[in-house]
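Here's a quick tour of a couple of helices and what surrounds them. Have a look at the model first, then read on.

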Amino acid sequence: MTAPLTLEELTAAGAHRTGHFRLSSGLHSGDYLQCALYLADPRRAERAGRLVANGLERAGIHPDLIVSPALGGIIIGHETARATGVPFLFTERQEGRMTLRRGFAIRPGQMIVIVEDVVTTGKSTREVIAVLEEAGGSVIAMASIVNRSGLENPFDPIPYVPLLSVTFPAWPPEECPLCREGQPIEKPGSRPV
Ligand code: ZN
């Protein structure tokens, strides 16, 4: 059960597809990830959470709180918190603004790891960091199932522990080779989770 997560497993679960996709960022890509389909099996979700927890442990990162942004991060964040033995909270977008879920609070100085399903640009994660630090928390690391940012660590200097890093090309529509070939495009969900 300590074997690393592979792209083949995500593909077998239908969580990675190839074709021609319009991503939520507006970029086009031949690869699409929907980790929710992998996490739909609670045993797989539990294993992924344990792998994230092990990765944090190996990196010497010891959080006392795990936080994830809703909706995509909730399952993996919860399973990571279970495997780590610490509480779990989540943030959500309300009227376009990222905020802590109603009723949740951060204690000053709490050592937080943010856990996501997929990191694409890291932009929404940086909003979560800002919310938690404003609330007095200390974000000590980031983790995710998949890193598709194309960078080793888009959060540098905050440590980042992804289970799987992939390099999937993505292009602005006008530079998309799949458009040029006339391949029909798919717009999966409003926002990949
Ligand atoms: Zn295209």
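The buried residues of helix H4 (residues 74-84) pack against helix H2 (35-39), helix H3 (42-58), and strands E3 (65-69), E4 (88-94), E6 (111-119) and E7 (138-147), with contact meaning heavy atoms within 4.5 Å. Helices (H or I, at least four residues) and strands (E, at least two) are DSSP runs, numbered from the N terminus. This is a predicted model, where local features need pLDDT of at least 70, side-chain atom pairs count only at pLDDT 80 or more, and totals for chains, interfaces and linings use all residues. Residues are numbered from 1 along each chain as its sequence is written, and side-chain values use heavy atoms, leaving out hydrogens and water.

So who's tucked away in H4? Ile76, Gly77, Glu79, Thr80 and Ala81 are buried, meaning under 20% relative accessible area, with exposed over 50% and partly exposed in between (1.4 Å probe, protein chains only).

Now for helix H5 (residues 123-134): its buried residues are Ser124, Thr125, Val128, Ile129, Val131 and Leu132. Down the axis, they fall within an arc of 165 degrees (taken from the directions from the helix axis to the C-beta atoms), so they line one face of the helix. The face turned away from that side carries exposed Lys123 and Glu134. Cover for the buried residues of H5 includes E3, E4, strand E5 (97-100), E6 and E7.

| Glycine | Where | Phi |
|---|---|---|
| Gly85 | just after H4 | about 80 degrees |
| Gly136 | just after H5 | about 100 degrees |
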